[in-house]
Amino acid sequence: MSTDFPQGFAHYPLYFDTAQQSELIEAVKTATETAPFFQTYMPRTGTPLSVAMTNFGPLGWVTDKDKGYRYEPVHPRTGKPWPAFPQVLTDLWTAVTDYPAQPEACLVNWYREEKNAKMGQHVDFDEEATDAPVVSVSLGDPAMFRIGGPKRGGATAGVKLLSGDVVVLGGEARQCYHGVSKVYYGESALVPNGGRINLTMRRVTLP
Ligand code: SIN
Ligand code: FE2
């Protein structure tokens with residue numbers, strides 16, 4: 001079943017050109033030298049998530065079996081602060097939102113073919129600032145992004161996200177279930193060791 005995209009959903013195809021995409025990948029590579037990708041686990045069950053994660057910014061989103069979903073100022077393995085936001089990402093936030101404060105977290109999700117990584121339907125609800133939009137950048141292999149309504153299991157609308165695309169979830173879309181049902185692995189050579197990287201920026205605390 002398909003439906004319309006919710007109010008507040010915006011898709012900017014190829015917002016970043018190939019040179020800018022390479023710069024973003026370089027920024028991720030540099031960040032992972034001090035904040036390596038790590039394995040995360042669902043609360044309670046301890047089921048591993050199929051994506052590997054790291055973060056930019058003063059806060060980073062983490063999850064493990066015991067403490068569950070939350071934001072932390074330091075990397076769970078190294079205990080060190082997350083690397084700073086690249087300027088290009090704060091510029092993007094300013095360009096596509098009218099939120100009166102800066103983003104505080106940029107989650108870096110790496111979808112890898114060997115894990116057949118995807119992301120189940122969820123709402124981002126670990127932030128106090130639910131009035132702030134979520135802004136995301138797709139890099140590498142294309143992905144089928146699906147978004148429905150505020151209730152789990154309803155009809156969804158789908159869009160294929162390509163490398164360089166930007167998505168904004170504001171307004172009603174901010175409270176809507178969304179996920180990645182499929183990644184078209186092997187189509188892009190942008191990401192070192194292959195796959196797709198998604199950068200998801202959020203404002204966490206109320207300004
Ligand atoms: C997410 O909703 O957290 C990720 C979306 C994406 O990978 O495009
Ligand atoms: Fe999300």
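Residues are numbered from 1 along each chain as its sequence is written, chains are lettered from A and ligands numbered from 1 in the order in which they are written, and side-chain values use heavy atoms, with hydrogens and water left out. Because the model is predicted, local features need pLDDT of at least 70 and side-chain atom pairs count only at pLDDT 80 or more, while totals for chains, interfaces and linings use all residues.

Side chains of opposite charge can pair when their charged atoms come close. A salt bridge is taken as a side-chain nitrogen of Lys or Arg within 4 Å of a carboxyl oxygen of Asp or Glu. By this rule the count comes to 7 salt bridges. One of them joins arginine 203 to glutamate 104, with the closest N and O atoms 3.3 Å apart. Arginine 203 lies in the segment after β13 (196–202) and glutamate 104 in the loop between α2 and β6, so the pair ties together parts that are 99 residues apart in sequence. Helices (H or I, at least four residues) and strands (E, at least two) are DSSP runs, numbered from the N terminus. Both arginine 203 and glutamate 104 are buried. Buried means under 20% relative accessible area, exposed means over 50%, and partly exposed lies in between (1.4 Å probe, protein chains only).

The relative accessible area of glutamate 104 is 12%, so the residue counts as buried. The side chain of glutamate 104 makes a polar contact with the side chain of arginine 203 at 3.3 Å. A polar contact is a pair of N or O atoms within 3.5 Å; within protein, one must be able to donate a hydrogen and the other to accept it, and residues adjacent in sequence count only if both atoms are side-chain atoms. A polar atom of the glutamate 104 side chain also lies 2.9 Å from the backbone nitrogen of valine 204. Contact means heavy atoms within 4.5 Å. Beyond four places in sequence, glutamate 104 is in contact with residues including Phe56, Pro58, Phe85 and Thr205.

A second salt bridge pairs glutamate 127 with arginine 202 (3.8 Å, N to O). Glutamate 127 sits in the loop between β7 and β8 and arginine 202 in strand β13, 75 residues apart. Glutamate 127 and arginine 202 are both buried. Shared partners join Asp124, Glu127, Arg174 and Arg202 into one salt-bridge network.

Another salt bridge links lysine 29 and glutamate 26 (3.6 Å, N to O). The two residues are 3 residues apart in helix α1 (residues 18–34), so about one helical turn separates them. Lysine 29 is partly exposed at 41% relative accessibility. Glutamate 26 is partly exposed at 42%.

Met42, Tyr69 and Phe125 form a nonpolar surface patch with about 310 Å² of accessible area together. Patches are made of residues with over 30% relative accessible area and no salt bridge; like charges are joined within 9 Å, and nonpolar side chains (Val, Leu, Ile, Met, Phe, Trp, Tyr) within 5 Å. Accessible areas come from the Shrake-Rupley method with a 1.4 Å probe; for residues, only the protein chains shown count as cover. Phenylalanine 125 lies in the loop between β7 (119–122) and β8 (134–140). Phenylalanine 125 is exposed, at 61% relative accessible area.
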